[in-house]
Amino acid sequence: MPPEKTASPARGALDPKRWHALFFIALAQLMVVLDGTIVNIALPTAQVDLGISDGNRQWVITAYALAFGGLLLFGGRVSDLWGRRRAFIVGLIGFALASALGGAAQNEAMLYISRALQGVFGALLAPAALSLLTVLFSNGKERAKAFGVFGAISGAGAAIGLLLGGALTDYLDWRWTFYVNIPFAVVAAIGAVLYIKEPENARNRSTLDIPGAVLASLGLVALVYGFARAEHEDWTEPLTVTMFVTAAVLLAAFALVESRVKSPLLPLRVITDRNRGGAYAALGLAIIGMFGLFLFMTYYLQVVRGYSPVRTGVSFLPMVAGMIIGSTQIGARLVTRVSPRALMAPGFAVASLGMLLLTQLSLDTSYVAVILPAQVLLGLGMGTAFMPAMSLATERVKPTDAGVAGAMVNVSQQVGGAIGTALLNTIAAGATTAYLTDHAAGATDEQLLAFSAMVHGYTTAIWWAFFIVLGSAVISALLINSKGSSRDAESSGDDADDAAHVPVMVH
């Protein structure tokens with residue numbers, strides 16, 4: 001697809017179609033986030049239909065995670081070099097085709113291949129979407145609104161995926177959890193062709209850092225696979241340890257290469273900035289807690305309480321509503337008036353209170369009295385914190401680095417998700433086993449004992465999730481010192497100056 005040829009506008013001019021563009025960018029982001037959980041709901045049915053063994057079913061999730069997590073930095077830099085609009089459209093088309101392959105899968109190999117291809121094109125699409133927002137919305141108030149919408153979708157999409165996955169699996173077929181991506185992708189791609197115009201001067205025309213791309217991709221693959229394997233095997237199992245050591249060596253070598261090459265894949269200035277680095281760390285920790293929570297609450301509601309997949313999805317809607325309100329009504333309205341720290345630290349603290357409530361789960365916990373208010377607190381807190389964190393993570397970055405800065409947001413989330421699933425699931429499993437061992441002798445009802453042990457395991461892991469999310473609040477309070485986008489633009493250095501004057505195409 002040839003690059004757009006449009007006349008250079010006046011400095012600081014704004015694209016009149018930018019709000020239309022936001023709708024299609026948000027639609028694409030929703031598709032990517034939905035896919036993270038929608039397939040999980042359909043997995044048990046797909047496993048039976050395709051004859052996938054219990055030992056191999058993890059590859060439906062792992063194949064996607066490895067491709068997506070391993071190629072994010074590469075995809076972010078490709079979008080900088082190639083053009084975000086082009087990368088966005090190619091990512092959408094590729095994701096749709098991979099989803100069609102998954103829906104039509106006749107055996108487990110086809111399903112694994114489709115999931116890996118979804119990860120490949122998702123790694124191109126996700127950074128392109130976030131970096132398009134960065135270059136299209138440079139005005140402080142408009143940027144806040146745009147990132148409010150984006151943050152709400154990023155936070156609530158996983159819960160919506162549980163609801164949609166349950167409905168599609170119950171009323172249609174597990175294959176529709178793949179096919180549903182196709183209309184999303186087609187509409188977003190058409191909208192991108194019609195409404196998205198990228199500033200020509202935001203393109204990075206330097207050569208691609210091949211050594212950095214190889215080291216980063218292999219290092220992230222090793223890291224994600226290490227956590228995925230730890231969840232199903234053991235943290236001290238030889239291959240698991242080997243993956244972690246390999247990841248550490250490769251990523252250390254990557255950092256060394258990036259500090260010396262002329263055109264690095266990940267310019268170290270992107271992550272060494274105190275505020276951007278703090279935002280990445282806070283987001284990563286929060287995702288560790290949230291991913292574990294989604295897993296435990298899904299099992300608690302369906303297995304222990306006997307909820308159907310659809311009812312389980314509906315039960316997450318208060319969290320979705322809270323995230324939307326927190327992101328679009330609290331975060332977006334206040335981010336231009338107060339510092340990001342004044343939103344992020346309290347937001348994560350409120351979310352941790354929601355976690356604290358869920359540590360009180362029992363076999364017959366009231367949904368209205370405990371689970372509902374906990375979800376509202378989680379949604380409001382995460383929504384309020386995610387919005388300024390995502391904006392801060394790409395703020396004051398050079399336009400030519402917008403793609404890789406967006407990729408780092410996704411890397412922190414993807415690695416956080418892998419850690420959260422593996423770490424908290426291991427903690428829950430260990431606590432469940434210990435409970436069974438301690439209470440087996442006096443038990444008269446084996447099913448009651450099994451459910452009690454499961455709930456004990458979940459609450460033990462949720463305690464850890466509480467402290468992890470509280471850690472996001474602490475990091476935000478200690479590391480984030482930005483005064484806010486509008487005030488920083490007047491007083492910060494070169495990065496701020498470059499980002500504050502990104503011209504947007506007028507056509």
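Contact here means heavy atoms within 4.5 Å. The model is predicted, and local features need pLDDT of at least 70, side-chain atom pairs count only at pLDDT 80 or more, and totals for chains, interfaces and linings use all residues. Residues are numbered from 1 along each chain as its sequence is written, and side-chain values use heavy atoms, with hydrogens and water left out.

**View 1. Overview of the protein.** The protein has 19 helices and 0 strands; these are DSSP runs numbered from the N terminus, with helices being H or I of at least four residues and strands E of at least two. Of its 507 residues, 58% count as buried, where buried means under 20% relative accessible area, exposed over 50% and partly exposed in between (1.4 Å probe, protein chains only). Among contacts between residues at least 6 apart in sequence, 85% join residues at least 24 apart.

View 2. Thr177 is found in α6, residues 176-179, and is buried, with a relative accessible area of 0%. Apart from residues up to four places away in sequence, Thr177 touches Ile38, Ala42, Gly165, Leu168 and Thr169.

**View 3. Aromatic rings.** Rings of Phe, Tyr and Trp (its six-membered ring) pair if their centres lie within 6.5 Å; planes under 30 degrees apart count as stacked, over 60 as edge-to-face and the rest as tilted. The count by this rule is 10 aromatic pairs. The ring centres of Trp174 and Phe178 are 6.2 Å apart and their planes lie at 85°, so this pair is edge-to-face. Both Trp174 and Phe178 are buried. One aromatic cluster is formed by Phe23, Phe24 and Tyr195.

**View 4. Phe88 in the largest nonpolar core.** A nonpolar core is a set of buried Ala, Val, Leu, Ile, Met, Phe, Trp, Tyr and Cys residues joined through side-chain atoms within 4.5 Å. The largest one holds 142 residues, among which Leu73 and Phe88 touch the most other members. Helix α1 (residues 18-50) gives the largest share of this core, 17 residues. Beyond four places in sequence, the contacts of Phe88 include Phe24, Ile25, Ala28, Leu125 and Ile196.

**View 5. Helix α11.** The 31 residues of α11 (residues 274-304) should span 45 Å at 1.5 Å a residue, and the end C-alpha atoms are 44 Å apart, which agrees; the expected span is 1.5 Å times one less than the number of residues. Of these residues, 23 of the 31 are buried, so α11 is largely enclosed by the rest of the structure. At the start of α11, a side-chain oxygen of Asp273 comes to within 3.1 Å of the backbone nitrogen of Asn275. Gly306 follows α11 and has a positive phi, near 75°.

View 6. Ser476 is found in α17, residues 446-479, and is buried, with a relative accessible area of 0%. Its side chain reaches the backbone oxygen of Ser472 at 2.8 Å. Residues up to four places away in sequence aside, Ser476 touches Ala282, Arg341, Met344, Ala345 and Phe348. Ala345 is 131 residues from Ser476 along the chain, yet their C-alpha atoms are separated by 5.2 Å.

How values were computed. A polar contact is a pair of N or O atoms within 3.5 Å; within protein, one must be able to donate a hydrogen and the other to accept it, and residues adjacent in sequence count only if both atoms are side-chain atoms.
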